[in-house]
Amino acid sequence: MSQAGCFSCTVVSPALGSPGRTKCVATSTSGTRYKGGSSLRVKDFAWFTAVRRGALALGVFVGMMASGPPPVLASLDADPNNYGAVSFSAFGDVPVAADNSVSMHDLQAIGISSADIDRAMTDGAGAWADEDTDMEPMGTGIYQRLSSWTDYRGRKIQVRLGYWDPGGDSGWGYAKYSGKHNLTTRAVRAATAYTPNWEDQASSTVYYQVVHKYECTGWGPWRTCKVVGSTTVRTVHDRRVLTDGDPKGVVTSYCLGYWPRCPDWVKNAANI
C-alpha cells in the first residue's frame, strides 16, 4: 500500500475448541510498527478506529459550542453571554405561555420569520421605522383624504388630515393620532384592517388590536423568544359619509395603558 501506512496480518493457530484469531500489525511509512495485539480481529480494529474518529469529531463540536457561536454571529451582540439578543414588536395576538415565551411557529403565523429577526439583529430597533410614505393626499383642508383601505369585513376605512390643537386638547384624524398619540397611518391600518375585534356603535366602529413587544435570544435552533411588553390599540372610525362620498374616517387611535403617546415600538412593528 502506498498511503500513510499498511497492515500486515497473520493467522494464529487456534487452540483446541477456540476460534481462530488474527494478529495484525499496522506499519507507517516511517517504519514505525503499531501492534494491534494477538486477540484483535480486523473488523474489531476498523470498529475501534471509527469510534475513535467519531469521539474526536464530537470533542471538536463540543469545544466549539462551549466557546460560543461563530465570530460573525457573536459580533452582532454587545453582550457575549446573550448571543443574538434582539427586540422587536408585532401586531396580532399569539398564544403566550406562563413564562411569557412564544414559539417561532406562532410568530410566523403573524408574519414574523427567522429572517425578520435576523434583520432586526443587524439593522437595530429602527429596522421597520415607518414614515407614512404610502399616503396619497386627495383634496384640501382638514377633510383632505390621505389614505384608505378595507377592514376585516370589507368596510372602507378612511383617513383624513383632520387637525390637532394641543392647547385645547381637541382634534381628529391623522393630525391627532400622529401628533398626540405617536402613531403612523401604517400602524392604524394594521390596527383596523386585520383585527376581528370590533364593535359597531351608532355612527362609528371601534377596533381593538393587540401589539406585543418581543425579545429573542440565542441563535439558530437554540433561539427563544418571549413577550416583554403589550398594549392594545383602540381606533375609532366615523362611518358617516361626507359630500365627497367617503366616510369621515378615523377620529382617533391610541394605545391602552400608554397615555397620551404610544411607545415607539408600536409604530415600528415588524409586520406592518
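How many bridges pair strand E12 (residues 224-241) with E13, and in which sense? The two strands pair in the antiparallel sense over seven bridges, where pairing requires that DSSP finds at least two bridges between two strands. Strands here are DSSP runs of E with at least two residues, while helices are runs of H or I with at least four, and both are numbered from the N terminus.

Before going further, a word on the ground rules. This is a predicted model, in which local features need pLDDT of at least 70 and side-chain atom pairs count only at pLDDT 80 or more, whereas totals for chains, interfaces and linings use all residues. Residues are numbered from 1 along each chain as its sequence is written, and side-chain values use heavy atoms, with hydrogens and water left out.

**The hairpin**

Let us stay with E12 and E13 for a moment. Together they form a hairpin with five residues between them, and Gly-245 in the turn has a positive phi of about 90°. One of the bridges links Asp-238 to its partner Gly-249 in E13. Eight of the nine residues of strand E13 (residues 247-255) are buried, so this strand is largely enclosed by the rest of the structure. Buried means under 20% relative accessible area, exposed means over 50%, and partly exposed is what lies in between (1.4 Å probe, protein chains only).

**The disulfides**

A search of the whole structure gives two disulfides, each being a pair of cysteine sulfur atoms within 2.5 Å. Here they are side by side.

| Disulfide | S to S distance | Torsion about S-S |
|---|---|---|
| Cys-216 to Cys-225 | 1.9 Å | about 110° |
| Cys-255 to Cys-262 | 2.1 Å | 110° |

The torsion about the S-S bond makes the link of Cys-216 and Cys-225 right-handed, and the link of Cys-255 and Cys-262 is right-handed too. What about the surroundings of these cysteines? Cys-216 counts as buried at 0% relative accessibility, and Cys-225 does so at 3%. Cys-255 and Cys-262 are buried as well. With the bonded cysteines numbered in sequence order, the pairing reads 1-2, 3-4.

**Rings and charges**

The search also finds five aromatic pairs. Rings of Phe, Tyr and Trp (its six-membered ring) pair if their centres lie within 6.5 Å; planes under 30 degrees apart count as stacked, over 60 as edge-to-face and the rest as tilted. One of the pairs is that of Tyr-143 and Trp-172, which is tilted, with 5.5 Å centre to centre and 45° between the planes. Tyr-143 lies in the loop between helix H4 (114-123) and strand E6 (145-150), and Trp-172 in strand E9 (residues 170-172), so the pair ties together parts that are 29 residues apart in sequence. Tyr-143 is partly exposed at 42% relative accessibility, whereas Trp-172 is buried at 7%.

Arginines also meet tryptophan rings. The charged end of Arg-153 sits over the ring of Trp-198, 3.3 Å from its centre, and Arg-189 lies over the face of Trp-149, 5.9 Å from the ring centre. Such a placement is counted if NZ of Lys or CZ of Arg is within 6 Å of the ring centre and within 35 degrees of the ring normal.

**The chain as a whole**

Stepping back, the protein chain has seven helices and 13 strands. Of its 272 residues, 37% count as buried. Among contacts (heavy atoms within 4.5 Å) between residues at least 6 apart in sequence, 53% join residues at least 24 apart.
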